[in-house]
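I opened this notebook page to record what I looked up in the model, entry by entry.

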Amino acid sequence: MGGRGGTANALGLAAQRGEAIAPVWSAYAEALRSDDLRLVAAAWSLCETLGSPLAPTVATVSDVVRRRRSVRQRIAAVVAGPRATMGVLTALPLAGPFVAIAVGVSPGDLYTEPAGAMSLAVGLAVLLIGRLWAGRMIRAVTVESRRPKRHGAPGLRGRTMRPRSESS
């Protein structure tokens with residue numbers, strides 16, 4: 001499936017032959033590794049299998065795809081600040097030897113002293129912990145946004161359903 005033109009041709013050929021079009025959508029979705037196109041393929045397949053109307057189904061899927069894309073863009077915008085901060089905070093300690101050279105101190109002299117060596121060790125440990133912590137927070141936000149939310153029946157959250165006892 002070489003590009004959009006190839007897909008359009010494959011879709012057109014399948015339609016002309018009276019073949020199912022959903023497999024073409026599925027192949028294209030797999031080739032691009034696109035969850036959005038997989039959703040289109042699944043909806044198309046459902047319509048072909050059940051004979052349900054295609055236009056409202058595709059309209060609903062396109063609305064879902066637009067909303068998902070909007071959510072992904074908002075998440076990327078929200079996470080951009082923490083990612084940039086993580087990069088700057090990583091670069092600052094690594095710039096230390098260059099600052100030492102700029103003020104006339106060799107990094108070897110700076111880090112061979114006990115206080116400098118301790119400072120280096122603590123700084124690297126804090127740097128590593130900070131990067132791991134910030135990365136974990138960013139992953140938690142991005143992974144959580146992909147997880148479908150489960151909704152129970154309204155008004156029944158946290159309640160258990162007990163069968164009514166029969167009165168004699």
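**Terms and source.** I call a residue buried when its relative accessible area is under 20%, exposed when it is over 50%, and partly exposed in between, using a 1.4 Å probe and protein chains only. I worked from a predicted model, in which local features need pLDDT of at least 70 and side-chain atom pairs count only at pLDDT 80 or more, while totals for chains, interfaces and linings use all residues. Residues are numbered from 1 along each chain as its sequence is written, and side-chain values use heavy atoms, with hydrogens and water left out.

**Overall.** I found seven helices and zero strands, where helices (H or I, at least four residues) and strands (E, at least two) are DSSP runs numbered from the N terminus. Of the 168 residues of the protein, 18% count as buried. Taking contact to mean heavy atoms within 4.5 Å, I noted that residues 24 or more positions apart account for 42% of the contacts with a separation of 6 or more.

**Aromatic pair.** I looked for rings of Phe, Tyr and Trp (its six-membered ring) whose centres lie within 6.5 Å, with planes under 30 degrees apart counted as stacked, over 60 as edge-to-face and the rest as tilted. The structure holds one such aromatic pair. The ring centres of Trp25 and Trp44 are 5.9 Å apart and their planes stand at 45°, so I logged the pair as tilted. This pair links distant parts of the chain, since Trp25 belongs to helix α2 (residues 22-32) and Trp44 to helix α3 (residues 35-50), 19 residues apart. Both Trp25 and Trp44 are buried.

**Nonpolar cores.** I took a nonpolar core as a set of buried Ala, Val, Leu, Ile, Met, Phe, Trp, Tyr and Cys residues joined through side-chain atoms within 4.5 Å. The largest core has 15 residues, and those with the most contacts inside it are Leu11, Ile21, Trp25, Leu37, Trp44 and Val61. To this core α1 (3-17), α2, α3 and α4 each supply at least two residues. A second, separate core of five residues includes Ile75, Val79, Met86 and Ala134. Leaving aside neighbours within four places in sequence, Leu11 is in contact with Ile21, Val24 and Trp25.

**Leu54.** I found Leu54 in helix α4, and at 32% relative accessibility Leu54 counts as partly exposed. Apart from neighbours within four places in sequence, Leu54 contacts Trp44 and Cys47.

**Arg33.** Arg33 lies in the loop between α2 and α3, and its phi is near 55°, a positive value in a residue other than glycine. With a relative accessible area of 70%, Arg33 is exposed.

**Second largest pocket.** On a 1 Å grid over the protein atoms alone, a pocket is an open set of points where a 1.4 Å probe fits, with protein on both sides within 12 Å along at least five of seven lines, and lining residues have an atom within 4 Å of a point. The second largest pocket is lined by 14 residues, of which Met86, Leu89, Gly130, Arg131 and Ala134 lie nearest its centre. The largest share of this lining, eight residues, comes from α7.
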